[in-house]
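Have the sequence and coordinates to hand.

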Amino acid sequence: MPVLETVEVSIRFGGVQADRDVSVALGEWEIVGIIGPNGAGKTTLFNLITGFHRPDSGRILHRGRDITRLPVHARAELGIGRTFQNVGLVKGATVRDNLLTAQHRHARYGPIAGLLGSPTARAIERELHRHAEELADALGLAELLDTQVAGLPYGTLKRVEIATVLASEPEILLLDEPSSGMGPEEAHELGDLLLRLRREFGLSILMIEHHVPLVLRICDYVYCLDFGELVTHGAPDDVRRHPQVVAAYLGEDPDPAVLAVEAQLEAFADLVDAELPDADPPDAAEEGG
Amino acid sequence: MGLLAARRDLLIGLAITAALVVTLLATDEDAALVIGVTTGSAYGLVALGLVLVYKSSGVFNFAQGEFGTVALYVLYLLDFEVGYWWAFAGALVAAGLFGFVTERLVVRPLFDAPRVTLLVATAGVALLAIAVEIWFGSAQGKPIAKAFERVDRVTVLGVQVSDQRLWLIATVVVLAVLLGLFFTRTNLGLAIIAASQEPTATELVGISVRRLSAFTWVLAALLGGLAALIAVPDGGSFGPGIMTSTYLIPAFTGAVLGGMTSLPGAFLGGVLVGIIQSVATSAPLFEDIPGTPSTLVVFVVLLAVLVVRPQGLLGKRA
Amino acid sequence: MTVDERADAREGQSGERQRPFRPSPAGWVARAVVLAGVAWLVLVFPLSRPATELVDFTTAVCYAIVALSLNVLVGYVGQISLGHQAFVGIGAFTSAYLMTVHGHSFWVGVVGAAAVGGAQALVLGGVSLRVRGLYFALVTLSYGLVAEQNIFQIQELTGGGAGRPAPKPDWFDTEWRYYFLCLAFLALVLYVDWRLMRSKSGRALLAVRENPRVAATLGIDVRLATLFAFVLSGTFAGLAGALIASNDTFVSPNVWNFNLALVFVIMTVVGGLRSRTGLVIGGALFALLPYLIEQIPGLDDLLADIPAPRDLTPELAPLVLGPLLLLLNLTVLPGGIGQQLRPFVRWLGGRRFDPRDRGLKEVPISDARA
């Protein structure tokens with residue numbers, strides 16, 4: 001059974017049909033990619049999954065259970081974590097505070113106990129701090145723990161955001177363009193990180209991405225959206241060659257000559273990879289459309 | 001969409017009003033109805049200014065009342081020096097000036113600040129105005145003359161409606177219509193709406209958003225001044241903060257009831273609140289409420305609107 | 001860069017963790033002297049003053065509590081209450097009522113007032129916190145008016161226009177002892193506020209204030225968090241009301257009006273949102289303004305010299321000065337007194353004195369609702 005699923009969800013905002021009958025499924029421990037040009041309705045789909053909007057029609061299912069009417073924080077309680085395009089953090093607070101806030105649902109003491117400083121509350125708080133420090137160490141953020149988030153460089157912000165969403169100990173991770181702003185080296189490292197996280201934490205990951213090599217490398221399955229509708233879905237390689245996908249990205253009919261050249265470049269890249277097994281960052285030639 | 005469907009909200013609003021009127025007539029509350037409409041018109045006029053500022057600056061202007069009280073003080077002072085109508089004109093100019101200064105010194109610097117911050121700032125402006133009124137004037141009330149003295153020319157449903165009140169109602173109706181047309185048919189009006197929704201885009205098209213802001217606030221201040229100058233003298237006296245203490249909350253409630261984004265709604269809402277208030281004052285049902293029953297009833301109406309239909313009668317759903 | 005340069009760069013960001021700063025012996029002495037001075041001002045100086053002045057000082061302490069209470073709503077959650085005087089006033093009357101009509105002790109009065117304050121907030125918040133900030137402010141303003149014109153006219157509660165007496169508790173029945181009792185309550189409120197910010201509730205509030213959507217994604221129930229803050233705010237306000245009642249030994253229904261609501265907002269904002277030091281000073285300052293104006297030699301003559309049809313009396317001056325300070329604060333100095341004093345407070349705590357330390361940067365708040 002898919003761990004997360006949307007069943008023909010549609011939503012319209014004023015005159016715009018943002019999503020129409022979109023059905024995606026995320027299996028346990030899968031990494032599923034969602035690709036498509038800007039404005040295709042990908043982030044809107046995420047917003048529907050996390051509960052910022054109710055779909056006009058269709059359902060959202062979590063392990064078979066209908067969560068379409070569940071409020072946002074209740075979905076978070078189910079272990080659904082999410083990152084945002086413009087970095088979802090409490091920017092006015094420090095990195096440490098963000099990591100602590102993310103553990104909100106794990107802080108099992110009542111608000112009154114917190115106000116009075118009961119021993120239980122204090123013990124749990126110490127535990128939260130410890131966990132925050134562990135995560136910060138794991139992601140190389142130890143020195144920035146007490147720095148305010150606002151003003152940190154963009155790449156660091158994304159790392160903080162990942163640490164924060166991990167602090168909430170999710171089962172399912174919704175990543176909205178995690179590689180945006182990253183160069184090819186960093187994107188490769190991100191891919192490694194995501195694979196490692198899946199292994200170590202047993203995560204199922206749904207991610208919106210524009211970075212095609214990343215998608216090809218780590219996704220088990222891919223959905224492509226355009227103008228709010230599913231264009232195609234399948235294994236990454238198949239989706240990538242689908243004519244409508246190519247057209248959506250390039251905006252024109254696919255030229256067989258172009259496809260042939262791309263196929264050759266890919267073969268060459270595979271050759272290079274095979275010759276040099278330890279992961280050197282891919283060079284420019286591998287950067288496809 | 002047919003004309004009828006498009007105007008559906010307006011029809012609902014009118015239907016509710018009609019139902020209310022019929023109920024009042026049926027229960028012999030004629031006097032309450034007439035008084036309610038006249039006081040309500042004043043609320044409507046203040047509400048017009050509130051909605052104007054909300055549409056353009058996105059904030060609730062808590063100083064709207066004091067734009068009017070200041071005008072009253074100027075009218076009072078000038079009336080001794082020059083003729084009544086010159087004093088009236090001078091008072092309006094003073095109100096406009098107050099609005100302009102507020103826009104420059106308070107609204108402009110807080111252009112990008114959260115709207116709640118600006119709201120607190122307007123409340124500060126109101127308090128400052130009241131403090132200066134007490135300081136320069138005195139804490140006690142002063143008498144103020146009417147423009148039209150005659151009271152017995154017109155009688156509606158057994159209640160005498162003074163000339164001053166007729167003038168108020170006529171002014172409000174005319175202004176509501178004019179402003180409605182202004183915002184939907186003139187370039188300047190459309191520009192103001194555009195600037196409030198998309199300031200960057202508006203600037204890019206070559207319209208000075210800042211100049212529009214000044215214009216809007218001056219206009220709102222003039223409306224506030226008019227409301228005070230026409231409505232308050234009917235009661236014969238005024239004192240520091242009178243507009244804020246007696247007109248502001250009902251006007252806000254009326255604006256919310258009408259839908260904060262609708263100018264005709266502001267007028268309709270104001271009149272409805274006036275009627276509700278007048279019924280609350282006279283009807284035996286509310287007799288046991290301690291103090292001023294209408295205050296509580298208006299509060300309940302505000303809560304009810306916000307809970308049941310936050311966009312009011314004529315507003316757009318957010 | 002050399003290793004030392006890299007270390008310096010790191011210290012610039014989070015110096016305390018790399019090479020903690022330790023004040024010199026002279027530095028410690030200086031800090032101790034300042035703290036002793038503050039302690040003297042708060043604890044010793046009032047002992048030598050006449051009773052009438054003690055009443056003013058106690059009012060200052062109570063206003064500090066009001067500022068802290070309003071800050072929970074305005075500073076931590078980002079909602080404005082323009083009817084806060086209703087909570088304080090109803091607390092005052094509740095205490096007076098319980099003591100005078102039902103013969104309970106002061107302590108019952110205090111607890112009752114705090115409970116009523118919290119309950120009011122629960123009911124009002126339950127209904128109106130679903131709406132956006134501007135509308136919520138309007139509801140609180142309207143509620144303040146209802147308090148003034150309806151609730152405080154209830155004969156049973158307020159004894160009509162005459163008001164109700166409110167005695168002091170048995171062991172603290174002199175002005176000096178009562179002052180220290182109120183100081184103890186202030187310390188309690190400060191402690192609870194401090195604990196709030198170190199617990200999950202406080203962090204949740206700050207997240208909700210800045211970005212409700214992200215907060216919800218982290219599992220925070222935005223409505224509940226806001227309601228919790230409002231109830232806490234109301235509880236503190238009710239407590240302050242009870243303390244004010246017994247300070248004045250009398251509660252009158254006529255002082256709890258829109259002006260007072262704004263004074264409360266002003267002293268909270270000017271004091272400095274989210275800064276406990278600033279809030280206490282802001283509250284105390286506004287309570288003591290008439291007193292200070294009279295004490296400072298020549299100030300009342302200066303005020304009278306301002307060209308105007310009438311003199312600006314010490315009673316009137318705060319009313320004019322307050323809004324001016326507010327507007328100045330909102331447009332030019334958003335952090336208030338608290339932000340300006342931050343370098344000193346950090347210095348007192350053993351850190352290096354850094355005049356440019358303005359604390360955490362203000363971050364634009366998202367208007368999107370979860």
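Q: Why is chain A called as compact as a globular protein of its length?
A: The radius of gyration is taken over C-alpha atoms, and the globule rule is 2.2 Å times the number of residues to the power 0.38. For 289 residues the rule gives 19 Å, and chain A comes out at 20 Å, close to that value, so the chain is as compact as a globular protein of that length. Along the principal axes, its C-alpha atoms fill a box of roughly 70 × 50 × 35 Å.

Q: What kind of model is this, and how are its parts numbered?
A: This is a predicted model, in which local features need pLDDT of at least 70, side-chain atom pairs count only at pLDDT 80 or more, and totals for chains, interfaces and linings use all residues. Residues are numbered from 1 along each chain as its sequence is written, while chains are lettered from A and ligands numbered from 1 in the order in which they are written.

Q: Where in chain C is confidence lowest, and where is it highest?
A: pLDDT is the predictor's confidence in each residue, from 0 to 100. Helix H1 (residues 3-18) of chain C has the lowest mean, 50, and helix H11 (residues 222-248) of chain C the highest, 95. Chain C as a whole has a mean of 86, with 92% of its residues at 70 or more. Where pLDDT is low, the predicted coordinates should not be read in detail. The model scores ipTM 0.86 and pTM 0.86.

Q: What makes B:Ile249 count as buried?
A: A residue is buried if 20 or more other C-beta atoms, placed from the backbone, lie within 10 Å of its own, exposed if 12 or fewer, and partly exposed in between. B:Ile249 has 24 C-beta neighbours inside 10 Å, so it counts as buried. Its place is in helix H11 of chain B.

Q: Which residues does B:Ile249 touch, leaving out those up to four places away in sequence?
A: Two residues are in contact if their C-beta atoms lie within 7 Å. On that test B:Ile249 touches B:Val298, C:Leu141, C:Ser142 and C:Leu145.

Q: Which pair of chains shares the most contacts?
A: Chains B and C do, out of two pairs of chains in contact. Their contact takes 36 residues from chain B and 42 residues from chain C. H6(B) gives the most to the side of chain B that touches chain C, with 15 residues. No contact joins chain A and chain B, whose closest C-alpha atoms lie 11 Å apart.

Q: Why is helix H3 (residues 95-102) of chain A called mostly covered?
A: Seven of its eight residues are buried, among them A:Val95, A:Leu99 and A:Leu100. The buried residues of H3(A) pack against helix H5 (119-138) and helix H6 (154-167) of chain A, together with helix H9 (200-210) of chain C.

Q: Why do strand E6 (80-82) and strand E10 (229-234) of chain A stand at the edges?
A: Two strands pair if DSSP finds at least two bridges between them. Six strands of chain A form an open sheet with mixed pairing, in the order E6-E7-E8-E3-E9-E10. E6 and E10 each have a single partner strand, so one side of each is left without a neighbour in the sheet.

Q: How do you know that strands E7 (residues 172-176) and E8 (residues 204-208) of chain A pair?
A: Five bridges join them, in the parallel sense. A:Leu175 stands opposite A:Met207 in E8(A).

Q: What makes A:Asp21 stand out, and is it buried or partly exposed?
A: A:Asp21 has a positive phi of about 50° although it is not a glycine. Most residues other than glycine have a negative phi. A:Asp21 is found in strand E2 (residues 16-26) of chain A, and with 15 other C-beta atoms within 10 Å it is partly exposed.

Technical notes: Helix = DSSP H or I, 4+ residues; strand = E, 2+ residues; numbered from the N terminus.
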